[in-house]
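Good morning. Please have the sequence and the picture open.

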2 protein chains.
Amino acid sequence: MSELLYLEDVFVGQRFVTGTHVLTSEAIKAFARDFDPQPFHTDEDAAKDTFFCRLAASGWHTAAITMRLQIDRGPPIAGGMIGANGELSWPRPTRPGDTLHVESEVLEVTPSRSRPERGFITLKSETKNQNGEVVQLFIVKLLVWRRPEYGF
Amino acid sequence: MSELLYLEDVFVGQRFVTGTHVLTSEAIKAFARDFDPQPFHTDEDAAKDTFFCRLAASGWHTAAITMRLQIDRGPPIAGGMIGANGELSWPRPTRPGDTLHVESEVLEVTPSRSRPERGFITLKSETKNQNGEVVQLFIVKLLVWRRPEYGF
């Protein structure tokens, strides 16, 4: 396991790469039945007459898999990955059979002005398929603690 | 069922309110086991020593429930709710037993300059708990089609 990261350990330009996850049509449909039951996410045939032309994963499914990949092997932030807010986009659909991984880069490191024990980092995470195409971009502000030995 | 909405039917200030969804601790833990296995989402006891102090839902679970509520009873957009990009924040945690609903408002309606058959709307969606507190804010740009009888 990687050593846990405190604010002092994080630097602009730091990069993290996760493992991979293969998305099946069964998983796409199961997630969609629970959370996003639209024809282009639940049924191959019905998907043909839609914007997506064929089955595509819910963007929220792509987002959830992105999170899981980062928990399994992403930035090992002490205290966990706790997002406050971010910008999310899905430049292209995630399809059955796609193999996803996540590449992240630290864009900013900002100590809190009001709370000396904590800070924020801005992390840009690109979720890519097996062709290197970005299926999700998420730029998020994450809470990161300072090292406890600094006395806070 | 509500009449389907095309771009011509959507106006700035238009509002939509969904039904409600009660979140159980079992559902919080099940989602987290699949997608966000961090102690504050998977285990009441382990959650005590974390930022959240007690069990909280993954933000992605709140996002997924928000989507489901909007599919069941939200803006009935012709062709489905297809998000391109958005700004997402979680101002406070979602807790076991919370009853969530979503209130949305149209902020902008923009015909596409390059594709006459389509346009975009900007929709602000607040996911609120039973106390009216916002647990998620999502401002998203959605693809919306123009009426087919306009000849596109």
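Start with A:Arg118, which counts as buried because its relative accessibility is 14%, and the cut-off for buried is under 20%. Keep in mind throughout that this is a predicted model.

What does A:Arg118 form a salt bridge with? The partner is A:Glu117, and the closest N and O atoms of the two are 3.2 Å apart. A:Glu117 itself is partly exposed, at 22% relative accessibility. In general, side chains of opposite charge can pair when their charged atoms come close.

Now go to chain B. There, B:Arg118 and B:Glu117 meet through their side chains in a salt bridge, with 3.2 Å from N to O. B:Arg118 is buried, with a relative accessible area of 14%, and B:Glu117 is partly exposed at 23%.

For a pair in another setting, look at A:Lys48 and A:Asp45, whose side chains form a salt bridge at 3.3 Å, N to O. Are these two residues buried or exposed? A:Lys48 is exposed, at 52% relative accessible area, and A:Asp45 is exposed too, at 54%. Over all chains, the structure holds 20 salt bridges.

How many of the salt bridges lie across the interface of chain B and chain A? The rule finds zero there. What the interface does have is 12 residue pairs in polar contact, counting pairs with both residues at pLDDT 80 or more.

On the side of chain B that touches chain A, at least two residues come from each of α1 (25-35), α4 (59-73), β3 (82-89) and β6 (134-145) of chain B. By type, the residues on that side are 20 nonpolar, eight polar and six charged.

Next, the extent of the interface. In contact are 34 residues of chain B and 34 residues of chain A. An interface is often sized by the accessible area lost when the parts come together. Here the buried area is about 2,700 Å², and carbon and sulfur atoms give 70% of that. Which three residues supply more of chain B's share than any other three? They are B:Phe35, B:Phe51 and B:Trp60, with 24% of the area that chain B buries against chain A.

Strands also link the chains. β3 of chain A, residues 82-89, runs antiparallel to β3(B), and five bridges join them. One pair to find on the picture is A:Leu88 with its bridge partner B:Gly86.

Follow the pairing further into chain B. β3(B) pairs with β6(B), antiparallel, over seven bridges; B:Gly83 is bridged to B:Leu142 in β6(B). β6(B) is also joined to β5 of chain B, residues 118-128, by 11 bridges, again antiparallel. In that pairing B:Gly119 has B:Val144 as its partner. The hairpin of β5(B) and β6(B) has five residues between the strands, and B:Gly132 takes a positive phi there, near 80°.

Last, two residues other than glycine with a positive phi. A:Cys53 has a phi near 65° and lies in the loop between α3 (44-47) and α4 (59-73) of chain A. A:Cys53 counts as exposed, at 51% relative accessibility. B:Cys53 has a phi near 70°, and its place is the loop between α3 (44-47) and α4 of chain B.

That is the end of the tour.

Terms used:
Residues numbered from 1 in each chain as written. Chains lettered and ligands numbered in written order. Heavy atoms only, no water. Contact = heavy atoms within 4.5 Å. Buried area = accessible area lost by both parts, 1.4 Å probe. Salt bridge = Lys/Arg side-chain N within 4 Å of Asp/Glu carboxyl O. Polar contact = N/O pair within 3.5 Å; in protein donor to acceptor, adjacent residues only side chain to side chain. Helix = DSSP H or I, 4+ residues; strand = E, 2+ residues; numbered from the N terminus. Nonpolar A, V, L, I, M, F, W, Y, C, P; charged D, E, K, R; others polar. Pairing = 2+ DSSP bridges. Buried < 20%, exposed > 50% of the residue type's maximum accessible area, 1.4 Å probe, protein only.
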